[in-house]
Amino acid sequence: MICGCFSPNQEFRKAQSLELAKRIEQPGRENHSIEFHHLTVHLIGETNLQQHFFIDEERNCLLVYSGHIYGEEFVDSEKTVARQLYERYLQKGNLFCTDLNGDFSLLIYAPKSGKLLLARDHLGIVPLSYAKQENTLLFSSDHFHLCALLHQDSKDFNPMALMGGITSIPYPLSIHHGVHKLLPGHFLNYDDHTYGQERYWFPESIRSDHRIQRTQALEELKQLLNDAIRIRIPKSGKCTAHVSGGLDSSYLAAHLSKFQPQIDRQFYSWSPDYSIIPKQEHDERELIEAFETHTEQKVTLLDSDPQDSSLLESAYFPGLSSFEEERTLAAAKEAGYQILFSGWGGDEFLGMTDPPIIQDVFRSFRWLRAWKGIKKEGIRRKVGYFWYQLLLPSLGFIHPSIKETLRKEVYYLKKGEDMIDWEQQKKIYCYRSRRHRMIQQLSAYRIAERTDISYALSYLYNIEYKYPLLDKRIIEYLFQIPSNLVFSERENRSLMRQLSRELLPPKISENQRKRDPALDQLSEIFYSECTWRFSKRIPEIQNESILSIFKLPSIQEDLSKFGKEEIGEEEKEILMSFVYNLEMFVQFCEKYDHEKICSK
């Protein structure tokens, strides 16, 4: 975690940076302060300080980074990582980050020129936000506490940035109008004449290599995946992983067991224990049991009563955090784990689903093969798939049923449909090819939207997330692979499925389902409890100005029908989901003005 202040006013600079650091620091996290001319930097939670900063005495220049830089050249060198980064900067200038592989945020400050440069890793695993005030620049990896520090009155606060659980909001919308998020793969130039973000990573410029064969692609991906996992395992510290029973998380967990054997290791699942939710049809917990048997590793199921009111009280980040994730982090912390591997990012890139891939096969005039790749039975269903999943998205049209759902989800907002950013939705639901789909995922910053929250959330539990499937080298290699190597008439996600067969039992590697009915049922009970509780709170909070963006009378009217036959099943689900996000919104706002937004 990095934070600090750049200002010629020494007293103000030290006071602001210290106050920000105090808000952020957690028990057990060391706080190191670095003073350099007009800059004060705090590194919080970095254990080996000497690796993370370097001062060039001759050129009078400072480099500081937080996070991790991967690569054998950094591990084996006698020079510190920070010094090697600085030497790369001298050689390549501002674009020196392009060839790096890591999860990081960093800064370089040259007092002679007055230049300050901030940079963020390619995928946005480590957040970095900043705020400019006259000749002062504040920055922090913790977006929420930086916003809270600068909050003066209601005009500063942007409640729309907290609507992520209701509708997709454009990244990088901030909860404080004066605080900005540095985009992934970008750097910020700041001096007397320059202030603005510039992009340094351009994966869309990577051309497909049609010389690659499928066997070669599988072997090279296997090596990249193995290395992406290996380099993220620290020399010391306990590692665990989230296991859902799906391909991505199971593959990572099996590899983690291989690279770092531990007899007493526990993995963690969001699926509820059988004592809470009994066995369901197509139960994902059966896949977890198959994983346990095959790998001889224990997976701990979620043991939380959905009627426990304290579950919601820990949900700090409206719309993006969940009680399942937070209880999993709490259990991992209690067991002494510091690292948690996640399969997040697999669906977006390596394990991308069929439609964009089939579009490419159609476009290459392999029509019969593409038609066979539509895994639907019957002409009508195949034609429907072609129309709604392939043709309409390629023309920039969102599926009508999706549009209708999006409209219903914002019904209880006063601005209603005006709240929907249709351009953002098109980046999510429209695509012309597999390459275009990957570019859309990156340009919509869906990855960073999730990792921003997970970074802040896991920090509270002294746990660090690792995302091997978001290794920059894997993403770049996937841009090189032609779609015909990814396509399969028989199965979806064929590359990941074939790679997983070496490590996982057939019950997992051949499973085509994605839903977890037990978790769905747990969430429904939880949402229902939230709805009942919140209905009793409305009279005491209905006059709060912050709630003026919601249609509270409509919510109250529909809550009066809740539990009766007067409200349909779909309307009931939308109401419960909205009320859940509304209560999270209220809880966040109640904590936002406090000295600490949240603490553990």
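Thr 167 sits in the loop that runs between helix 5 (143–150) and strand 10 (180–181). Helices here are DSSP runs of H or I with at least four residues, strands are runs of E with at least two, and both are numbered from the N terminus. The model is a predicted one, in which local features need pLDDT of at least 70 and side-chain atom pairs count only at pLDDT 80 or more, while totals for chains, interfaces and linings use all residues. Residues are numbered from 1 along each chain as its sequence is written, and side-chain values use heavy atoms, with hydrogens and water left out.

Back to Thr 167, which is buried, with a relative accessible area of 4%. Buried stands for under 20% relative accessible area, exposed for over 50%, and partly exposed for anything in between (1.4 Å probe, protein chains only). Leaving out residues up to four places away in sequence, Thr 167 touches Val 410, Met 419, Ile 420 and Gln 425; a contact here is a pair of heavy atoms within 4.5 Å.

Gln 425 turns up again where two helices meet: Ile 402, Lys 403, Leu 406 and Arg 407 of helix 14 face Trp 422, Gln 425 and Tyr 429 of helix 15. The axes of helix 14 (residues 400–409) and helix 15 (residues 422–429) come within 12 Å and cross at roughly 135°. That angle makes helix 14 oblique to helix 15. Axes are lines fitted to C-alpha atoms, for helices over the stretch in contact, and the angles run from 0 to 180 degrees between N-to-C directions. Under 35 degrees counts as roughly parallel, over 145 as roughly antiparallel, 65 to 115 as roughly perpendicular, and the rest as oblique. Helix 14 passes helix 15 in a right-handed crossing, the term for a near helix turned clockwise from the far one by less than a right angle, with anticlockwise being left-handed.

Helix 5 has a crossing partner too. Its axis and that of helix 1 (residues 10–24) come within 10 Å and cross at roughly 130°, which makes helix 1 oblique to helix 5. Helix 1 passes helix 5 in a right-handed crossing. On the helix 1 side the contact is made by Gln 16, Glu 19, Leu 20, Arg 23 and Ile 24, and on the helix 5 side by His 145, Leu 146, Ala 148, Leu 149 and Leu 150.

The loop between helix 5 and strand 10 also holds Pro 172. The peptide bond leading from Tyr 171 to Pro 172 is cis, with omega near 15°. Both residues are touched by Lys 181, whose other contacts include Leu 128, His 143, Gln 197 and Asp 452, not counting residues up to four places away in sequence. Lys 181 belongs to strand 10 and, at 13% relative accessibility, counts as buried.

Helix 17 is mostly covered, with 13 of its 15 residues buried. In the loop between helix 16 (434–443) and helix 17 lies Tyr 445, which has a positive phi of about 55° although it is not a glycine. Tyr 445 counts as buried at 17% relative accessibility. After helix 17 comes Asn 462, with a positive phi near 55°.

Now for the nonpolar interior. A nonpolar core is a set of buried Ala, Val, Leu, Ile, Met, Phe, Trp, Tyr and Cys residues joined through side-chain atoms within 4.5 Å. The largest one has 95 residues, and Leu 85, Leu 106, Leu 221 and Phe 291 have the most contacts inside it. Helix 6 (residues 214–230) gives the largest share of this core, seven residues. Another core, of 56 residues, lies apart from it, with Val 179, Tyr 459, Val 586 and Cys 589 among its members.

Arg 493, in the loop between helix 18 (472–480) and helix 19 (494–500), has a positive phi near 50° without being a glycine, and counts as buried at 7% relative accessibility. Gln 512, in the loop between helix 20 (506–509) and helix 21 (517–541), is partly exposed, at 38%. Leaving aside neighbours within four places in sequence, Gln 512 is in contact with Glu 491, Asn 492 and Arg 497.
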